[in-house]
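Open the model in your viewer and keep the selection tool at hand. The stops below concern ring contacts, a helix and a strand.

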Amino acid sequence: MNLAIIGSGPSAIYLLKHLLDEGKFLKRWLASISVFEKSQLTGMGMPYNPLTTDRFNLANISSEELPELPVPMVDWLESLDQEDLRGLGLEGEEISAEKIYPRLVLGQYLHSQYRVLLSGLQERGIHVREFPGCEITDIQDLPEEGAVRLVTANGGTHSFERVVIATGHYWTSEDRPDRGYYASPWPIRKLLPGEGEHHDFTIGTLGASLSAFDLITSLAHRHGRFAGELGNLCFEPSPEAPNFKIVMHSFHGWLPHLQWDQEEAMRVIYRHVGREVLLGLRDHEGFLRLETYFDAVCRPALADAFRKDGMTEMVGKLADPHFKLADLVETMSDKHDYDNAFEGMRREMTESRRSVLGHKPIHWKEVIDDLMYTLNFHAELMPAEDHLSFRKTVMPFLMNVIAAMPLESGEILLALYDAGKIEIISGKAVVNEETGNDGTTRITIHDEDGSETTSNFRIFVDCGGQKPLELPDYPFPSLVRAGVVSKGRVRFADSSVISSLEDEVREHVFSDRGESFYHVGGVDIDSACRLISADGVSSPRIADVAFSHTSGLRPYSYGLQCCSDTVAIFVQAWLQELRSNGEIEEDSIELSKLYEEI
């Protein structure tokens, strides 16, 4: 059997790792692996690639939080000579598993492990071929031949028995440099001034995400210099760009939580609840209701965590059965909601430094991450009503808490604030279709009180992050036309609620075979990430683990740990199929048994 992997970023790297782990068995079945990568640089992934990111951008994950690869990151760094360390900007620095390194360092580490994994598979007798600079523009499923044909950008074709799509980030909107609008900050070099030039004007961002701070950090270092030590950092603006400034537009006006210490750096799907207990929480229709999960699993786990953190008030609130998940989100959000978000971050910096430098875990943040990680892998059991509630209420809170900002990034942000070079504006910011009179991007900010204001920017960047794509945007059109791929969907527990939904939500409701579904975005997959066809059948040949394709059904598939666990589940499902002489398990409940094995 021949396997193709489309993409060579983290999901592909961890897929290779789990294939190698099972290589003793798989080599009887797996003759070759072919890796296709549209970039010339393989084995890194977009966030860590020097073609897309910048030397000033920090990762938001430490070495101890990285899922296992052949050589731990600290050991790899310690094996480098001084010249290599100098090339990474780490000469003379202490190497530590707790430290957060630049994205480019993590990219070089991932690339090194990618090479080790390819060598290991070759040694197992599995032939490996690489296709750098080779973009796959279409995929054709050939069921009568038991094969899948890949079509390359130059018109070439390759056929395989199995294909795993691991293409990573994907933005459907296009940049409009003629009006200064950019649909994402990547590649970041497109937004940097030329040599000897400066952006002597105000730059706007949509969102205050970690991607926004990557952009901010890169621009700040080119429009001034940072002086002093961490804890007492200041920004000295360049006299050549006195008007340089960043304005972030964030719906809530929040800045992310800061980095925090953990007891357990690695997430576990069934840490706080066993599989059988979790499945036993389903109602008579087979739905796992969000509030049922909160009551039975989250409430006791969080109460214990808050007790460890000395937050007795929250323990008392959780003891009240009328205190719901939305109440928890509102209460903890209020604690992070400041009249001035930057001064709030300054106050939180003290607690975060105490947590990180003093190794004092903030238990409630860690536990809620674990709990939502568990829910993510069972989200297809939730009805449409709960998916809508989760996305509207819970996800913004989670991404603000869990996508935590490294302390160093927080220090940089505060230094820019003290220098008057950054601000944040709350309200719903909408990019207008028409340009400003001078070819700028015009945005309208809708405030909570119903008022509207407009602003024009010579450069405006959407930093809202990756969103699940719609089916017409799926990058492999033949699969769409043939019905091999279908809309990501969940059923309604009560279809009568559809008529009361807002128009923008109701337009994603559709009927199929007499049932009403909500299109959550992305494509339909089973619990092992195999594509589900328009006929409701799991593909025996094609799996899709790309976050931009599957995050509709897996809304909290966040970080490298989720990349690793997702592909581990796929490998275990494949092994199960091989051991059962080609019988493919399609039932999501049965497939969840695999979660206990990773």
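Over which ring does the charged end of Lys 487 sit? Select Lys 487 and Phe 510: the charged end of the lysine is placed over the phenylalanine ring, 4.8 Å from its centre. A charge sits over a ring if NZ of Lys or CZ of Arg is within 6 Å of the ring centre and within 35 degrees of the ring normal.

Before going on, note that this is a predicted model, in which local features need pLDDT of at least 70 and side-chain atom pairs count only at pLDDT 80 or more, while totals for chains, interfaces and linings use all residues. Residues are numbered from 1 along each chain as its sequence is written, and side-chain values use heavy atoms, with hydrogens and water left out.

Next, select Arg 489 and Phe 517. Arg 489 lies over the face of Phe 517, at 5.5 Å from the ring centre.

Now turn to ring-ring contacts. A search of the whole structure gives 15 aromatic pairs (rings of Phe, Tyr and Trp, the last by its six-membered ring, with centres within 6.5 Å; planes under 30 degrees apart are stacked, over 60 edge-to-face, the rest tilted). Phe 306 and Trp 364 make a stacked pair, 5.8 Å centre to centre with 20° between the planes. This pair links distant parts of the chain, 58 residues apart: Phe 306 is in helix α8 (residues 290-308) and Trp 364 in helix α12 (residues 363-376). Helices (H or I, at least four residues) and strands (E, at least two) are DSSP runs, numbered from the N terminus. Phe 306 is buried at a relative accessible area of 0%, and Trp 364 is buried at 6% (buried is under 20% relative accessible area, exposed over 50%, partly exposed in between, with a 1.4 Å probe and protein chains only).

Select Phe 342 and Tyr 417 next. Their ring centres are 4.7 Å apart and their planes at 10°, so this pair is stacked. Phe 342 belongs to helix α11 (residues 341-357) and Tyr 417 to helix α14 (residues 407-418), so the contact ties together parts 75 residues apart in sequence. Phe 342 is buried at 3% relative accessibility, whereas Tyr 417 is partly exposed at 22%.

Finish at Arg 442, in strand β15 (residues 441-446).
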